[in-house]
Structures are given as structure tokens and as C-alpha cells.
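Visitor: I am new to this structure and should like to learn how to read it. Could you guide me through its features in turn?

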Amino acid sequence: MIVTNHSTITEFFVLGLSADPKIQVLYFVLFLGIYCLTATGNLMMMLMIRSHPHLHTPMYFFLSHLSLIDLCFSSVIVPKLLENLLSQRKTISVKGCLAQVFFVLFTGGTEACLLSVMAYDRYAAICNPLLYAQVMSKHLCVQLVCSSWALSFLDALINTILAMKIDFCDTYVIPHYSCELPSVFLLSCSDISTNLIVMFCSMVPHALTTSLSVLFSYVRIIFTILNITSTSGRSKAFSTCSSHLTAVIFFYGSAFLRYVLPTSGSPLELIFSVQYSVITPMLNPLIYSLKNKEVKAALRRTFKKHLQCYQG
């Protein structure tokens with residue numbers, strides 16, 4: 001096989017989700033609808049939290065950042081996917097591919113951190129309600145959010161810089177609909193042992209720390225809820241974390257299965273990838289609005305206010 005230095009390669013071919021033109025049109029309509037719902041839902045969530053003072057609490061501060069990262073995460077993947085679904089020549093430039101790798105790592109890593117931070121927030125609210133305001137101070141909340149963004153940025157930057165040094169083979173077809181680090185590694189004709197070691201040393205601790213912190217928080221939450229004597233008290237305590245728990249299951253479950261399975265472009269792998277990178281960002285605003293009484297009340301007030309302005 002001919003080995004071509006990556007500096008002479010200008011683009012990769014992307015296999016996408018289907019080779020059937022009719023199916024591609026259906027996928028385009030489907031993913032365009034999903035992206036519109038994602039953008040609308042997350043923008044509304046951010047604007048609603050900002051415009052309602054009673055939602056200026058730690059939980060909704062974290063939720064506003066989750067909505068922002070969901071919007072960014074989806075915007076990294078879906079626009080290029082939509083373009084390729086309607087294109088005869090399904091390609092992505094090398095620079096564009098590496099940029100997508102960086103932003104997938106950055107946004108995905110930040111989302112994992114934010115979900116773990118939100119789990120800690122629910123732990124503090126349910127297990128230490130009397131000390132909640134003191135524990136979850138504004139200063140600590142800002143520090144936790146900034147640390148989430150910064151740590152993920154550093155992870156993404158290190159791995160992307162190393163990926164830029166890879167030499168690619170003359171057959172450079174990505175068996176996927178987007179550029180992710182495992183897919184890029186498949187195209188390499190050079191030694192990627194350093195890349196794999198760095199990826200392992202940066203992402204595995206990141207994933208373990210965030211997932212274990214979520215697990216620890218919910219173990220403590222469950223024990224606390226079980227010790228509540230009244231049924232109404234248990235129901236109220238569980239309702240405060242049910243939305244977050246649903247979001248955690250969707251994201252961590254599909255992301256874990258995506259990266260545990262060998263990168264081959266198999267239908268199952270693509271389904272898990274679509275789930276965590278496209279579907280979950282759309283579902284999060286729905287999950288938090290449908291399962292949260294405060295959010296539903298704020299939505300009703302917002303719609304009522306705008307309806308009155310329109311009628312007036």
C-alpha cells in the first residue's frame with residue numbers, strides 16, 4: 001500500500017449513514033428537523049433561565065451551560081452531516097476533519113464534566129439541604145463550570161495536536177458520518193502508539209472521574225431518599241434529580257457503548273454515535289422541561305407573556 005504524507009492529502013471521503021439516495025433524502029429531512037428542535041429547545045432553555053430571576057440557582061446555572069454545550073455539540077456534527085447527505089461527493093477537508101475531532105472531544109468532554117457537576121449539585125441539595133446554599137456558593141459554581149470547560153479544552157487540544165502529525169494512507173475513507181478520533185486512527189499508516197497512550201491517559205481518567213462521581217452521588221442520593229419516611233417526601237426528593245438521571249443515562253450509556261465497540265462503521269456503532277451526539281442534545285431540553293415543575297411554570301409564564309404582547 002502506498003503511504004502518502006498527510007500534508008499532501010486535502011480531503012477524506014465520508015461513507016455516511018446510507019448509500020441509497022432516497023434514504024439519504026429521508027435522513028436529511030429527519031436530521032434537519034432534529035437540529036431545528038435542538039437549536040430551538042436549547043436556546044429557549046438558556047433564554048428562559050436568564051430571564052426568570054427565580055431560576056438563578058446553581059442547578060439552573062449548570063443547566064444553562066449544559067444547554068449551551070448541547071447546542072455546540074450538535075452544531076459540530078449535524079450541519080456537515082446534512083451537507084454530505086445532499087452531496088454527490090461526500091468529503092471533508094483534512095483541516096475540517098481535525099477541527100471536528102477537536103470540537104467533538106471538547107464539547108463531549110465538557111458535557112461529561114457538567115453532568116458530573118450537576119450530580120454533585122443534586123447530592124448537595126438532597127443529602128445536605130440545610131448546608132446547600134453554603135456548599136454550592138456562586139464562587140464554587142463558577143469554578144466548577146470553568147474547570148469543566150478548561151479541562152475538556154486541554155484534553156481536546158493535546159489529542160488533536162498529536163493527530164495532526166499522523167501520516168495517512170492513500171485509501172482515506174472514513175467509515176462514519178463524522179470525524180472522531182477512533183475513525184481518524186483507522187486512516188493512519190504511521191505509528192500511532194503515542195496517540196493511543198495519550199488518548200488513554202487523558203480520556204480514561206476523564207471518563208472514570210466523571211462517571212464515578214455521578215455514581216457516588218447517586219448512591220448517596222438513593223440511600224438518603226430511602227431513609228425518608230414519608231411517601232410524599234421521597235417523591236419530592238426523587239423528582240428533583242429524575243431529569244438529570246435520565247440525561248445521564250442517555251449520554252453516558254450511548255457514549256460508553258460507542259467507544260467500547262471496535263471502530264468499524266457497523267450499524268450498531270452508528271446508532272450509538274447518533275444517540276449521544278445528535279439525539280441526546282435534542283432530548284435534554286425536553287427532559288428538563290417535561291420533568292421539572294419550575295421549568296414548566298416558567299415556560300407557561302413566558303408563553304403567556306409573549307401571547308399578551310402579541311394580542312396587545
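Guide: Let us begin with confidence. The term pLDDT denotes the predictor's confidence in each residue, from 0 to 100. The model before you is predicted, and its chain averages a pLDDT of 84, with 89% of the residues scoring at least 70.

Visitor: Which elements of the chain have the lowest and the highest mean pLDDT?

Guide: Where pLDDT is low, the predicted coordinates should not be read in detail. Among the elements of the chain, the lowest mean, 67, belongs to helix 10 (residues 293-311), and the highest, 94, to helix 5 (residues 138-163). Over residues 1-6 the pLDDT stays under 50, and the model has 17 contacts for them beyond four places in sequence.

Visitor: How many helices and strands does the secondary structure of the chain come to?

Guide: There are 10 helices and 3 strands. Along the sequence they follow the pattern β-α-α-β-α-α-α-β-α-α-α-α-α. Contacts also tell us about the fold: of those in the chain between residues at least 6 apart in sequence, 78% join residues at least 24 apart.

Visitor: What is the order of the strands in the sheet?

Guide: Strands of a sheet pair through backbone hydrogen bonds, either parallel or antiparallel. Here the 3 strands form an open sheet in the order 2-1-3, with mixed pairing. Strand 2 (91-93) and strand 3 are the edge strands, each pairing on one side only. Strand 1 (residues 11-14) and strand 3 run parallel and are joined by 2 bridges. Phe13 stands opposite Val173 in strand 3.

Visitor: Let us turn to a helix. How does the span of helix 2 agree with what it should be?

Guide: An α-helix has 3.6 residues a turn, so residues three or four places apart point the same way. Helix 2 (residues 58-86) has 29 residues, which at 1.5 Å a residue should span 42 Å; the C-alpha atoms at its ends are 43 Å apart, in agreement. Helix 2 also bends by about 30° at Ser75, and a proline, Pro79, follows within four residues.

Visitor: Why is helix 2 described as largely enclosed by the rest of the structure?

Guide: The reason is that 21 of its 29 residues are buried. Leaving aside residues up to four places away in sequence, Ser67 touches Asn42, Met45 and Met46. For the chain of 312 residues, buried residues make up 48%.

Visitor: Which cysteines form a disulfide?

Guide: A search of the whole structure finds 1 disulfide. Cys97 and Cys179 form it, with their sulfur atoms 2.1 Å apart. The pair links distant parts of the chain, 82 residues apart: Cys97 is in helix 3 (residues 94-127), and Cys179 is in the loop between strand 3 (173-174) and helix 6 (181-185). The angle about the S-S bond is -115°, and the link of Cys97 and Cys179 is left-handed. Cys97 is buried at a relative accessible area of 0%, and Cys179 is buried at 1%.

Methods: Residues are numbered from 1 along each chain as its sequence is written. This is a predicted model: local features need pLDDT of at least 70, side-chain atom pairs count only at pLDDT 80 or more; totals for chains, interfaces and linings use all residues. Side-chain values use heavy atoms; hydrogens and water are left out. The expected span of a helix is 1.5 Å times one less than its number of residues. The bend at a residue is the angle between axes fitted to the seven residues ending there and the seven starting there. Buried means under 20% relative accessible area, exposed over 50%, partly exposed in between (1.4 Å probe, protein chains only). Contact means heavy atoms within 4.5 Å. A disulfide is a pair of cysteine sulfur atoms within 2.5 Å. Two strands pair if DSSP finds at least two bridges between them.
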